[in-house]
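Below are my comments on the model you sent. Please read them with the coordinates open.

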Amino acid sequence: RALVQGGSFKLSYYNEYKSYLRPWDMKLLSNRVDRSGSGHITFIPEEGEDLWHVYNLITEGDVVRCTTLRKVVTESSTGSTNAQKVKTTLTVRVEDISYDVDAMSLALKGRNVEENQYVKMGAYHTLDLELQRKFTLTKEHWDAIALQRVDEACDSSKTADLAAVVLQEGIGHVCLVRQSMTISRAKIEVPIPRKRRGSCTNHDKAMLRFFDTIGNAMVRHIDFDIVKCVLVASPGFVKDKLIEYVLSTERNEFKGLRENKSKFVLCHSSSGHKHAVAEILSDENIASRLSDTKAAAEVRALEAFYMMLKNEPTRAYYGPTQCFAASDQEAIDVLLVTDSLFRASDVVTRKRYVQLVEDVKNYGGTVHIFSSLHVSGEKLGLLTGVAAILRFPMPELENIEFESDSSSDEG
């Protein structure tokens, strides 16, 4: 693959830290991964989701090199001390990884492994990976999952081409459904007075303010040059009234919404909270509009698993024991697995799941790797993080967990 052969890649995606979305290019500054899978890659994260990809790439024992600030204490000839922060380049072997999804920050704690004038060999230091800061990641072995993760980060076709607006009276969310996560870009809360007998004036005025606020949020956070479809969902007719308002209001701010009215798809949801996004993504009535989005493909795969579990339970299993046993018989047709399993600190566990994915692909099965930050990935995580739809019934797998539980009870 091109990644192993070297070269640079163009990455188009969104800048999370602007009030609107626009494409950027992310450069792989150097690629020194040889055919055996060892080596290093240097690149610059440009926006929040890049740090999520990096978080999934780095594991304990990897070596990371980048610029950082270090507090240095110097002593003068008179014995007085002076503390100051100096900028230097450190290389650390990672022992602990901390990722804050809300702050979009990634911290790596480890020991220094290269000579440095300010930091002794073996001394601990925490590297803060930041946007626009170059760093180099070295691995003893870049496995297939790590290479796939880099490929996904480098694929401009896998950007957030889907937006969702979920609302109910007084509460709304404007979300971007991205390759790796569902991001709530705006949460709208407007107090809505109850309707009173003989007068609805206050209620109606508050609803117009609510619709206006949502419309402005859509303008700020949805780039129609990239987004192919905007799902608008609510209980009852709130969604219909919102679209009627934003498309009929002759305001220059809403011109972009009017020009792209064909991209709006109305559907039902049970609430206006963020979790309703997963609900509408599984709606078969809108599947055709979402057929080219990765998020929809994952949701459909999860729904297919649930249907199989209900109708033919001997062809649908979840849990590592059953899934590994099914794969040993080359019985898995569709494998569903969350990316959190590939972040296991235990190298043996990670390698087992990497091998499982490679085995399923090798004998012709389909693999869906779900992001644990995506609504569908959260659901799969409740099922141990790994599930499979089989090519043929295997009722014998139903007893594996029972036998395991029995043996543990006896112990």
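1. Basis. This is a predicted model, in which local features need pLDDT of at least 70 and side-chain atom pairs count only at pLDDT 80 or more, while totals for chains, interfaces and linings use all residues. Residues are numbered from 1 along each chain as its sequence is written, and side-chain values use heavy atoms, with hydrogens and water left out.

2. Four strands make up an open sheet with mixed pairing, in the order 15-18-16-17. Strand 15 (316-318) and strand 17 (366-370) are the edges; each has a single partner strand, so one side of each lacks a neighbour in the sheet. On average, neighbouring strands here are turned by 15 degrees against each other, direction ignored. Helices (H or I, at least four residues) and strands (E, at least two) are DSSP runs numbered from the N terminus, and two strands pair if DSSP finds at least two bridges between them.

3. Strands 16 and 17. Strand 16 (residues 332-338) pairs with strand 17 in the parallel sense over 5 bridges. Leucine 336 is opposite histidine 368 of strand 17.

4. Helices on this sheet. Helix 9 (residues 320-328) lies across strands 15, 16 and 18, at about 40 degrees to strand 18 (386-390). Helix 10 (residues 347-362) lies across strands 16, 17 and 18, at about 150 degrees to strand 16. Axes are lines fitted to C-alpha atoms, for helices over the stretch in contact (heavy atoms within 4.5 Å), and angles run from 0 to 180 degrees between N-to-C directions.

5. Strand 5 and its partners. Strand 5 (residues 63-75) pairs antiparallel with strand 6 (residues 81-100) over 13 bridges, and valine 72 has glutamine 84 as its bridge partner in strand 6. The hairpin of these two strands has 5 residues between them, and glycine 79 takes a positive phi near 100 degrees. Strand 5 also pairs antiparallel with strand 9 (residues 135-139), over 4 bridges; there valine 63 is partnered by threonine 138.

6. Aspartate 283. Where does aspartate 283 lie? Aspartate 283 is in the loop between helix 7 (276-281) and helix 8 (294-311). Its C-alpha is 9.1 Å from that of arginine 300, 17 residues away in sequence.

7. The largest pocket. The lining has 25 residues, with Thr59, Glu60, Asp62, Val347 and Arg350 nearest the centre. Helix 10 gives the most, with 6 residues. A pocket is an open set of points on a 1 Å grid over the protein atoms alone, where a 1.4 Å probe fits, with protein on both sides within 12 Å along at least five of seven lines; lining residues have an atom within 4 Å of a point.
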